[in-house]
Every structure is written in C-alpha cells, then in structure tokens.
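The following paragraphs lead through one protein chain, from its overall form to individual residues. Please keep the sequence and the model in view while reading.

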Amino acid sequence: RKLLKLVKAKVVDGWDDPRMSTLCGMRRRGVTAEALKAFILKLGVTRQISLTQVDVLEDCIREDLDPKVVRRMVVLAPLKVV
C-alpha cells in the first residue's frame, strides 16, 4: 500500500501523523468521533467496492463543527487604502 511505503520511508511520523488518511491521523487533525460516525452512516452498507468523494467527509466534518466552533476571518496581508 502507498501509506505503508510512506511510513517505512519515514516520510511521515507514523500511522497517527495528521497528514495520513487513517482514523488516528484524522483524530489528531481535529476530526471528532461524531463526524466520523455521521460519515459512516451517510455512506451506508454495500457489497460493492466503491469510491467516495472527499467532499462527503468534509461535509460531515463541517456539519459537526459548525454549531460548536465560531468562525473567524482574517486578512493576512492587508492593503493600505489611500
């Protein structure tokens, strides 16, 4: 597997590295268990091998975090108005 190659080559710090697409990595990235459960329930059970868009996971994470987290916006490089 591609992830195993990354771990063996020491490109990442292990299976729980936040850059990995593992459950441990996603939990270290701040994804809640409720968001993961919602994602699994949204997919449902199937016997077919299927691909899932990452947008579905991101939507579940967003739906879970929206009521809990206040959003802020910032301008990192403001322009001077004359």
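The model is a predicted one, in which local features need pLDDT of at least 70 and side-chain atom pairs count only at pLDDT 80 or more, while totals for chains, interfaces and linings use all residues. Residues are numbered from 1 along each chain as its sequence is written, and side-chain values use heavy atoms, with hydrogens and water left out.

The secondary structure comes from DSSP runs numbered from the N terminus, where helices are H or I runs of at least four residues and strands are E runs of at least two. By this criterion the chain has 4 helices and 0 strands, and the order of elements from the N terminus is α-α-α-α. The chain is more spread out than a compact globule, because its radius of gyration is 17 Å, well over the 12 Å that the globule rule gives for 82 residues. That radius is taken over C-alpha atoms, and the rule is 2.2 Å times the number of residues to the power 0.38. The C-alpha trace spans about 60 × 35 × 20 Å along its principal axes.

Burial is expressed as relative accessible area: under 20% is buried, over 50% is exposed, and values in between are partly exposed (1.4 Å probe, protein chains only). Of the 82 residues in the chain, 22% are buried. A contact requires heavy atoms within 4.5 Å. Among the contacts with a separation of 6 or more, 18% join residues 24 or more positions apart.

Where is the largest nonpolar core? Such a core is a set of buried Ala, Val, Leu, Ile, Met, Phe, Trp, Tyr and Cys residues joined through side-chain atoms within 4.5 Å. The largest one has 8 residues, namely M26, V31, A35, L36, F39, L57, C60 and I61. Two or more of these residues come from each of α3 (33-43) and α4 (54-65).

V31, a member of this core, lies in the loop between α2 and α3. With a relative accessible area of 7%, V31 is buried. Leaving aside residues up to four places away in sequence, V31 touches M26, L36 and I61. V31 and D64 are 33 residues apart in sequence, yet their C-alpha atoms are 9.1 Å apart in space.

The loop between α1 (2-8) and α2 (23-29) holds T22, and K10 and V11 are also found there. Is T22 buried or exposed? Its relative accessibility is 15%, so T22 counts as buried. T22 touches L3 and W15, again without residues up to four places away in sequence. V11 is partly exposed at 48%, and on the same exclusion V11 touches L6 and R19. K10 counts as exposed, with 69% relative accessibility. Phi of K10 is near 60°, a positive value in a residue other than glycine. Most residues other than glycine have a negative phi.

Finally, the charges may be considered. Lys and Arg count as positive and Asp and Glu as negative, without His and the chain ends; each charge is placed at NZ of Lys, CZ of Arg, CG of Asp or CD of Glu. The mean positions of the 17 positive and 10 negative charges are 5 Å apart.
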